[in-house]
Amino acid sequence: MHLVLAHGPRRLATAAIAALALAATLGLSGCATARTTIATTSAYIPQPTKPGTTVAYMDIRNNSKSKDQLVSATTSVGGQVSLLAPDGIRSGTRIMKVVPNLTIPAESMLRMNPNSYRLQITGAGHMQGGKDVFITLHFAHAGKVPVVALVTDPESGGGSFFLN
């Protein structure tokens, strides 16, 4: 790669504008080395069987050198989002408890699934199978992280934990 120096004020201004446009494009596309230390994958929400009440699952990767905490979440369909963690098994049933945060160690992954951590969504608006719901995760250090979660309908063959 060769660096061509611009000569004259007009060429210098054009080169500066091009450099700023490239930096903005990379930043908006997520290709820049940004402060984003949290990555999510496989986000989905089973279509509610009871209107407005369901759960959300995803994998959350903390790429930073220090731990972070998921402290809350919101959705584009409203309602209340609670953080749930396993609290043992009683009479063959997994018991979940509401927790104030979920800690994700440095350079580790937290897997939310039917047998583990999850987001519980209550009082939400309509969620239709095959449509997206936008979730904003709020972290103590990383701040807000947007997530797109597909609403799945396992009864009609839609995606589920076992298919993702």
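Colleague: Is Leu-70 buried or exposed?

Modeller: Please keep in mind that this is a predicted model. A residue counts as buried when its relative accessible area is under 20%. Since the relative accessibility of Leu-70 is 0%, this residue is buried.

Colleague: Which strand holds Leu-70, and how far is Leu-70 from His-138 in space, C-alpha to C-alpha?

Modeller: Leu-70 belongs to strand E3, which covers residues 68-75. Leaving out residues up to four places away in sequence, Leu-70 touches several others, including Leu-137, His-138 and Phe-139. Although Leu-70 and His-138 are 68 residues apart in sequence, their C-alpha atoms are separated in space by 5.9 Å.

Colleague: With which residue does the side chain of Asp-59 make a polar contact of 3.1 Å?

Modeller: Asp-59 sits in strand E2, residues 54-62, and it is buried, with a relative accessible area of 13%. Beyond its neighbours within four places in sequence, Asp-59 has contacts that include Thr-41, Leu-110 and Arg-111. The side chain that joins Asp-59 in the 3.1 Å polar contact is that of Arg-111.

Colleague: How many aromatic pairs are there, and which parts does the pair of Tyr-44 and Tyr-57 tie together?

Modeller: The count comes to 1 aromatic pair. Tyr-44 and Tyr-57 form a tilted pair, with 5.3 Å from centre to centre and 45° between the planes, and both residues are buried. Because Tyr-44 lies in strand E1 and Tyr-57 in strand E2, the pair links parts that are 13 residues apart in sequence, namely E1 and E2.

Terms used. Residues numbered from 1 in each chain as written. Predicted model: local features only at pLDDT ≥ 70, side-chain atom pairs only at ≥ 80, totals over all residues. Heavy atoms only, no water. Helix = DSSP H or I, 4+ residues; strand = E, 2+ residues; numbered from the N terminus. Buried < 20%, exposed > 50% of the residue type's maximum accessible area, 1.4 Å probe, protein only. Polar contact = N/O pair within 3.5 Å; in protein donor to acceptor, adjacent residues only side chain to side chain. Contact = heavy atoms within 4.5 Å. Phe/Tyr/Trp six-rings, centres within 6.5 Å; stacked < 30°, edge-to-face > 60°.
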